[in-house]
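Hi,

Here is the structure I promised to pass on. Have a look at it first, and my notes follow below.

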Amino acid sequence: MRIFFVWLSHRRWMARLALRTPFVNRVALRFVAGTTLEQAVEAVRAVNARGASATLDVLGESVHDRRAADAAAAAYVATIERIAAEGLDANVSLKLTQMGLDLGVDECLAVLQSVVEAGRRHRIFVRVDMEGSPYTDRTLEVVRRLRGEGFDVGPVVQAYLRRSEADVETLAADRVRTRVCKGAYAEPESLAYHDRTEINRSFVALCERLLEADAYPGIATHDPEMLEAVKTYAREHGIATERYEFQLLYGIRRDLQDGLLADGYRLRVYVPYGTEWWPYFMRRFAERPANVMFIVRSLFGERRQ
């Protein structure tokens, strides 16, 4: 299945066909805000109108030359400038491989400079996403060096990685604003938990540690059990809802999103957009074929509600 979805991700003619196929188009645009910044802004306005914050992600592939990395950075600067101009309640999230990380850490930092400067100028937080385990150390190094220069950035940790407990200890000690997700890349068992119970246990433990450290964690999951576990821990330890936020994906389980907002919790919706939506869509399935059923269950769950 992974090979099949990777193959699909490279078939650009299928992307063009999908846009002309009503059903596929509806499904894709349910989970991606569109191909343009204007469409993304409209989506964020709708998210804000519901009482939620947003994170904008400019979709793109890994790049291997400076020109492409600079173009990606320019798209993020434009996004930050538009967030500020519109007065939107939003920040941005980016992947370092799109910013030239494969060219080297120093090269990546040079590319990122314009993005984090724009973020600092407009007081907009920049989330640095986490990718596969070969990039973990370099990603954390980039975050550490940017924070050392006074930029408001924070990473993502993946609960299924065995190393994440130690990483979170370091981040918690400095009260670094960290997003916790379960993780979706294909990793060997030597590096990652494969058992669902172990992953869930790790996820909750990481969230609890960041809550304890008052690091304003982003709890990124659609799993109702994990949501309840975090809410219970916060309630039992007197942690106010202003000290953390839940983060859910655009178009996924809007019933859960509305429920969190109705109960007075902070919610941030991850809003991806861009012309590279087809590779993004297919690579999510390639990384974890179970995501196909996850989307089906999400749609079914909302209708059942």
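Is Asp258 buried or partly exposed? With a relative accessibility of 41%, Asp258 is partly exposed. Please keep in mind that this is a predicted model.

Asp258 has a salt-bridge partner in Arg50, with 2.9 Å between the closest N and O atoms. This pair joins distant parts of the chain: Asp258 lies in helix H11, while Arg50 sits in the loop between H4 and strand S1 (53-58), 208 residues apart. Arg50 is partly exposed too, at 34% relative accessible area.

Now to the rest of H11, which spans residues 254-262. Its buried residues are Leu256, Gln257, Leu260 and Leu261. They lie on the same side of H11, because the arc they cover around the axis is only 135 degrees. Among the elements covering them are helix H10 (224-236), strand S7 (245-249) and strand S8 (267-273). After H11 comes Gly264, with a positive phi near 90 degrees.

The salt bridges number 23. One of them pairs Glu38 with Arg82, the closest N and O atoms being 2.7 Å apart. Here again distant parts of the chain are linked, with Glu38 in helix H4 (residues 37-49) and Arg82 in helix H5 (residues 66-86), 44 residues apart. Both belong to a salt-bridge network that also takes in Glu42, Arg45 and Glu86.

A local case is Arg120 with Glu117, at 3.6 Å between the closest N and O atoms. The two are three residues apart in helix H6 (residues 105-122), so about one helical turn separates them.

Happy to talk it through whenever you like.

Best wishes

Methods. Residues numbered from 1 in each chain as written. Predicted model: local features only at pLDDT ≥ 70, side-chain atom pairs only at ≥ 80, totals over all residues. Heavy atoms only, no water. Buried < 20%, exposed > 50% of the residue type's maximum accessible area, 1.4 Å probe, protein only. Helix = DSSP H or I, 4+ residues; strand = E, 2+ residues; numbered from the N terminus. Arc of directions from axis to C-beta. Contact = heavy atoms within 4.5 Å. Salt bridge = Lys/Arg side-chain N within 4 Å of Asp/Glu carboxyl O.
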